[in-house]
Amino acid sequence: MDFPDDNPEIPGFNLICPECGIANPDDAEYCLVCERDLTNILLFFEDDFFDLELTENCIIEYRKSFWGTRRTGKVLKYPLTEISNIEFGSPITRFKFDFEGKRRVLSLREENMKSIKTILPKLIDC
Ligand SMILES: [Zn+2]
């Protein structure tokens with residue numbers, strides 16, 4: 001992930017496996033290490049308190065420890081069909097939505113917020 005922003009054409013190992021965190025070739029179908037299927041991942045990023053994965057039909061939150069260094073093992077799945085009322089907070093970057101009758105609020109880094117804001121509306125009505 002050290003490539004300069006103005007040079008996005010370089011093929012590389014930018015596909016991070018949500019399962020084990022290893023960087024895979026951009027066109028990899030399965031993780032080189034844990035063999036997880038990578039074909040349905042639309043977006044994956046690391047944030048301070050969790051890693052977040054977005055597939056065509058689900059948002060998956062991998063909770064991390066207080067210091068953000070390790071995963072707790074807790075994984076929360078939000079099927080896109082079951083979330084509603086999506087809101088992208090600004091200027092404080094919070095991603096909010098309703099799920100199972102509760103308001104979920106995820107605090108995101110600005111660049112992560114931009115990514116999900118770009119992709120999510122293509123999948124569901126935001
Ligand atoms: Zn993996």
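Reader: In the hairpin of β5 and β6, which turn residue has a positive phi?

Author: This is a predicted model. Strands β5 and β6 form a hairpin, with six residues between them. In that turn, phi is positive, at about 75°, for G68.

Reader: How many bridges join β5 to β6?

Author: Strand β5 covers residues 58-64. It runs antiparallel to β6. K64 stands opposite R71 in β6. The number of bridges joining the two strands is six.

Reader: How many residues of β6 are buried?

Author: Strand β6 spans residues 71-79, nine residues in total. A residue needs 20 or more other C-beta atoms within 10 Å to count as buried. The strand is hardly covered, and its count of buried residues is zero.

Reader: Is P91 buried or exposed?

Author: P91 sits in the loop between β7 (83-88) and β8 (94-99). The cut-off for exposed is 12 or fewer neighbours. P91 has 5 C-beta neighbours inside 10 Å, so it counts as exposed.

Reader: What distance separates the C-alpha atoms of P91 and E110?

Author: Along the chain, P91 and E110 are 19 residues apart.

Reader: What distance separates the centres of domain 1 and domain 2?

Author: Domain 1 is 1-39 and domain 2 is 40-123. Their centres are taken over C-alpha atoms. The separation is 19 Å.

Reader: On the side of domain 1 that touches domain 2, how do the residues divide into nonpolar, polar and charged?

Author: The contact takes seven residues from domain 2 and five residues from domain 1. Those of domain 1 divide into three nonpolar, one polar and one charged.

Conventions: Residues are numbered from 1 along each chain as its sequence is written. This is a predicted model: local features need pLDDT of at least 70, side-chain atom pairs count only at pLDDT 80 or more; totals for chains, interfaces and linings use all residues. Helices (H or I, at least four residues) and strands (E, at least two) are DSSP runs, numbered from the N terminus. Two strands pair if DSSP finds at least two bridges between them. Domain bounds come from an automatic or database domain assignment. Two residues are in contact if their C-beta atoms, placed from the backbone, lie within 7 Å. Ala, Val, Leu, Ile, Met, Phe, Trp, Tyr, Cys and Pro count as nonpolar, Asp, Glu, Lys and Arg as charged, and the others, Gly among them, as polar.
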